[in-house]
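Hi,

Here is the structure I said I would pass on to you. Have it open while you read, and I'll go through what turned up.

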Amino acid sequence: MMTNRITGVDRAGRSLRFGRAIREGRCAAVRIGSQSHVSWAVLALLVALVLVGRDEPALGQTQEPAAANPAEPATDKQGVSQRYRFLERYSATDDPTRPEVLIQYQVGISETIKVTREKPQGAPDQDHATTQCIYTERVTKLAKGGSVTEVVRHYDKVNSKTSLDIPHYKTKPLEGLNILYRHQPRSQPPQVLCLTPGRQLRQQEYLGVVQEPFLPALESILPRKPSRVGDTWPVPREAARALLGQAPNDEDYELTAEILEVRKIGAGPSMVAVIGVKGQAGVLEGLSGIYAPLQFTFVPSEIMVPSRARTDGETNKDQASATPARPGGRVEAALDAKGYISKVSLYQEITVPLPGNDGRLKRKIRLDRVLERRPVGQAGELVVLLEVPNPEPEANESNSWLIYDDPQGRFHLLHPQELRVANSYPDGGIDLLDRRPDGQDAIQVSLNAKTGDPQRDRLAADPIQEKKQLEDEWKRRGEKVVPGPSGWLPEADWSKYKRKVFRIEAALIPGNNATQSNERIYLDRYVVQFTRNEVLRVTAMTTRDPHVQFRDSAESIIRHFEFGPSESSLPSAPTRVPTTPPTRVPTTPPTRVPTTPRPR
């Protein structure tokens, strides 16, 4: 029986698998709606999801890989002067003539997250979460040049333990889920489609998927030219994005890779190269210190002996990459190291000041993750390839939109996955934000709190009064506003949803009387009246031109808004509600779309 070193159980599919989630506003360290803004990525980094256990020992604790014993006899005859050309190749179809090519593989992940918050007096507060998982992944599409753009993935089993109070679910998040993962260029987040009939992706499930390392993209961390033990090179940002699960900032980025050692594995021909990645990178949560040793498993090919120099001075591509010139005209041979990244360990630490104490008190986030990969079909193993969807699915509300459940179970809704939950509030509401390369989108969803005063509650539900307050606010602030139509949306379109919708449309032109911008901020404000005497306000702001498609998405969110928890969740333990009032996205549009939601 083969044993996975992460989970400690057999690799035949009975292993446990990693899953991560966001706990929406229940951790005192990162309460949503507190005076300080907390990004969705901070929340996702702090907690793991699913099976709730309290104060359990961490699973699969990790350690940095031990260096080779210097007293052992050297097994690499070329020693420290030997150069290796590391090659990791993928394919969407089986090719028996290329056994080194990766088509389908199994991945095991073990992760521990610890959050420590200093206090003026007494011991620091601490929260922790540990998760384990196993999933199987198959390559389905490659771009020109061989980079992987799409995979299908099946999550077999997920286990998690945490000190936090998080919601219980009828169906364990991620477990049994089939997804299509589309890797996006540059810093755009991946697109994830649910392929399992009858299931809708949850907010927590999506975050768990996209913030795991995307292994095919880690190939870019390997050196681009034949290299020796001790050689170093800068790590491309795309590789850092695949390693960290988010794109690092342009500032404060300094990651370097180094070949630490190359050694044989047992008595066979296989070898492993240990590549260390270290440095720092700015992420959404703050400046992060990073150490990540990777193991690359390979079987070396025959030594490539360079041919004699051609009289015409030409050199083919293989010769150029495999036979680096040495001083004095000598050329050194290199070994082709065709293989795959088999293990990734990540040790990440972020320290940021807590608000309101002049930076004296700190919050520390420590992430320890170990990932191992094993290609399927080794040693005569029977391989059942994951099914590739045919025809290729297009993203729609059913397979790509995410379920957001209010932590207190008051409501749930669906929203596009590119709109991330930036804030959530104890009084009932969320802020959704999308930072596009060419602009930003924001949607605020807010329940109208009952005051107990019938007159005030009646005025708060009156859309005409809402429009008047908006116009008075724009006038007070000196905004240049191009008013659009306002009124009730067709009853025939909304009666089946048991709600009436009033829309106020406007365009704001940034600038002042002296300087006017050609850009516009489009605003659509909705007052939604339900038959159960509840009122919902929705504000959609975008710089898209035209903005109609974004407006349609906002109205789809209103259609999918329902009171109570979703069918897939059960009420959670009582939420620790902040004692200070939350900050909110402005209910009137700002002079420009904010980088982060700005307080009133």
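A quick word on confidence before anything else: pLDDT is the predictor's confidence in each residue, from 0 to 100. You'll want that in mind because this is a predicted model. The protein chain has a mean pLDDT of 78, with 74% of its residues at 70 or more.

Three strands make an open sheet in the order 13-14-22, with antiparallel pairing. Strand 14 (residues 411-415) runs antiparallel to strand 22, and two bridges join them. Look for Phe-411 there, standing opposite Phe-563 in strand 22.

That brings us to the aromatic rings. The whole structure has 16 aromatic pairs. One of them is Phe-530 with Phe-561, a tilted pair at 5.8 Å centre to centre and 40° between the planes. Phe-530 is in strand 20, while Phe-561 is in the loop between helix 10 (548-559) and strand 22, so this pair links parts of the chain that are 31 residues apart. Both Phe-530 and Phe-561 are buried.

Phe-530 pairs with Phe-563 as well: the ring centres are 4.9 Å apart and the planes are at 75°, so this pair is edge-to-face. Since Phe-530 lies in strand 20 and Phe-563 in strand 22, the pair ties together parts 33 residues apart in sequence. Phe-563 is buried, with a relative accessible area of 19%; the cut-off for buried is under 20%. Put together, Tyr-404, Phe-411, Phe-530, Phe-561 and Phe-563 form one aromatic cluster. Phe-563 also has a charged residue to look at: Arg-532 lies over its face, at 4.2 Å from the ring centre. Elsewhere, Lys-500 lies over the face of Trp-488, at 4.7 Å from the ring centre.

Next, the salt bridges, which come to 32. Arg-117 and Asp-127 meet in one of them, at 3.2 Å from N to O. Arg-117 belongs to strand 2 (residues 104-117) and Asp-127 to strand 3 (residues 125-142), 10 residues apart. Both Arg-117 and Asp-127 are buried.

Another joins Arg-525 and Glu-466, at 2.1 Å from N to O. Arg-525 sits in strand 20 (residues 521-530) and Glu-466 in helix 8 (residues 463-477), so this bridge links parts 59 residues apart. How buried are the two partners? Arg-525 has a relative accessible area of 3%, and Glu-466 has 6%, so both fall under the 20% cut-off for buried.

Compare that with Arg-263 and Glu-261, whose closest N and O atoms are 2.5 Å apart in their salt bridge. Here Arg-263 is partly exposed at 26%, whereas Glu-261 is buried at 11%. Finally, find Lys-141, Glu-150, Arg-182 and Glu-392, which are linked in a network of salt bridges.

Cheers

Key
Residues are numbered from 1 along each chain as its sequence is written. This is a predicted model: local features need pLDDT of at least 70, side-chain atom pairs count only at pLDDT 80 or more; totals for chains, interfaces and linings use all residues. Side-chain values use heavy atoms; hydrogens and water are left out. Two strands pair if DSSP finds at least two bridges between them. Helices (H or I, at least four residues) and strands (E, at least two) are DSSP runs, numbered from the N terminus. A salt bridge is a side-chain nitrogen of Lys or Arg within 4 Å of a carboxyl oxygen of Asp or Glu. Buried means under 20% relative accessible area, exposed over 50%, partly exposed in between (1.4 Å probe, protein chains only). Rings of Phe, Tyr and Trp (its six-membered ring) pair if their centres lie within 6.5 Å; planes under 30 degrees apart count as stacked, over 60 as edge-to-face and the rest as tilted. A charge sits over a ring if NZ of Lys or CZ of Arg is within 6 Å of the ring centre and within 35 degrees of the ring normal.
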